Amino acid sequence: MTDFTPEPEDFENESFSGFSGDYDIGMNESSNFCNRSWVRLFRGQYEPPLFWIIFILGAVGNLMVVGIYTMVRNRLKTMTDVYLLNLAVADLLFLCTLPFWAAEATKGWDFGVTLCKMVSAVYKINFFSSMLLLTCISIDRYIAIVQVTKAQNLKRKRLFYSKLACLGVWIVSILLALPEFIFAQVKADGKQQYPCRLVYWNNINNRTKILVLSLQICMGFCLPFLVMVFCYSVIIRTLLQAKSFEKHKALRVIFAVVAMFVLTQLPHNGLLMMEAAQAANTTITKCATLKLFDVAGQIAKSLAFTHACLNPFLYVFIGVRFRQDLVRMVKMCAVGLGKGGLSKIQPVPKRPSVMSDTETTPALSL
């Protein structure tokens, strides 16, 4: 990769680490000549193979989820079914952006400004929608396990409410992604191709950037985390009071879900908080510190991306019903291919759910 020294203005309100402006720590005039090209080299070697691994694993897992709902089950029967199908679609759309970012990490963005805006927006829409859908799932499990009577009385209306909630999630996610449409830009000088990133308009005290980062942190991490902690804390208390010998399995699922969310999202959002603080009051000016921040940012962001391939296994395949349906779908595909095509595959008849919508079972009714 060609070594280069960026112009001073390249450090103002925009990011050298790509991905729509994340981790732009900023520099003052005395440190404008910090050459961070080796960070680009690190990205070019580290991110592409990792992103392709996440893309392949996530695509396989989420396509299986979609296949189970379209080929095996007749219809969406519960709120969780609706949320899980939307979550799989959101993760698949999110994964579709990773090949673009893998290419950008290797040679810069050469797909044009329009595609830069579109891919950035799709990436952020589905990132937010995934986080908000996980929030909806935790609320649904709270209602199904803790508010059993209400869940049974509102069983028919809950399915309608879940579809309405999903519509709301997609609308809110699109609104939160508007900064990507507005600020995503690509700069090129004929020799060096710059990343696709957010380039904020000049504004007093970086208020626009701080607002965008604050919204991302609040809606993409703080709100889902607080709701999950509340819902699953009450669920845990309810399970501990239950007389089911399988409750320890449900507790393991809860701890795995919360642990995955914290481990994959906390580092990324912690660094975003540092970026927002730096935008409000520049305190980090040492070149070595800036480089370490950039590298840590890329690693944390890659870790956050793994949610797209982990979601199917934690929220879906850990459930008894889905494991059984997955085996059934594989058998159906094998039979259909043996008879000359998948068009002859018929969904299985309606059957009672192994785990009803109000049971405290190993996979929390998944």
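Is Arg 141 buried or exposed? Arg 141 is buried, because its relative accessible area is 1%, and the cut-off for buried is under 20%. Keep in mind that this is a predicted model.

What does Arg 141 pair with? Its side chain meets that of Asp 140 in a salt bridge, at 2.5 Å from N to O. Asp 140 is buried too, with a relative accessible area of 1%.

Salt bridges that share partners also form one network, which joins Arg 43, Glu 47 and Glu 104. Within it, the side chains of Arg 43 and Glu 47 meet at 3.1 Å, N to O. Both residues belong to helix H1, which covers residues 37-72, and they sit four residues apart, about one turn of the helix. On accessibility, Glu 47 is at 0% and therefore counts as buried. Arg 43 is at 2%, so it counts as buried as well.

Lys 124 and Glu 180 form a salt bridge through their side chains, 2.9 Å from N to O. Lys 124 is in helix H4, residues 113-145, while Glu 180 is in helix H7, residues 178-183, so this pair ties together parts that are 56 residues apart in sequence. Lys 124 is buried, at 2% relative accessible area. Glu 180 is likewise buried, with a value of 2%.

How many salt bridges are there in the whole structure? The search finds six, among them the pairs I described, Asp 140 with Arg 141, Glu 47 with Arg 43, and Lys 124 with Glu 180.

Conventions
Residues numbered from 1 in each chain as written. Predicted model: local features only at pLDDT ≥ 70, side-chain atom pairs only at ≥ 80, totals over all residues. Heavy atoms only, no water. Salt bridge = Lys/Arg side-chain N within 4 Å of Asp/Glu carboxyl O. Helix = DSSP H or I, 4+ residues; strand = E, 2+ residues; numbered from the N terminus. Buried < 20%, exposed > 50% of the residue type's maximum accessible area, 1.4 Å probe, protein only.
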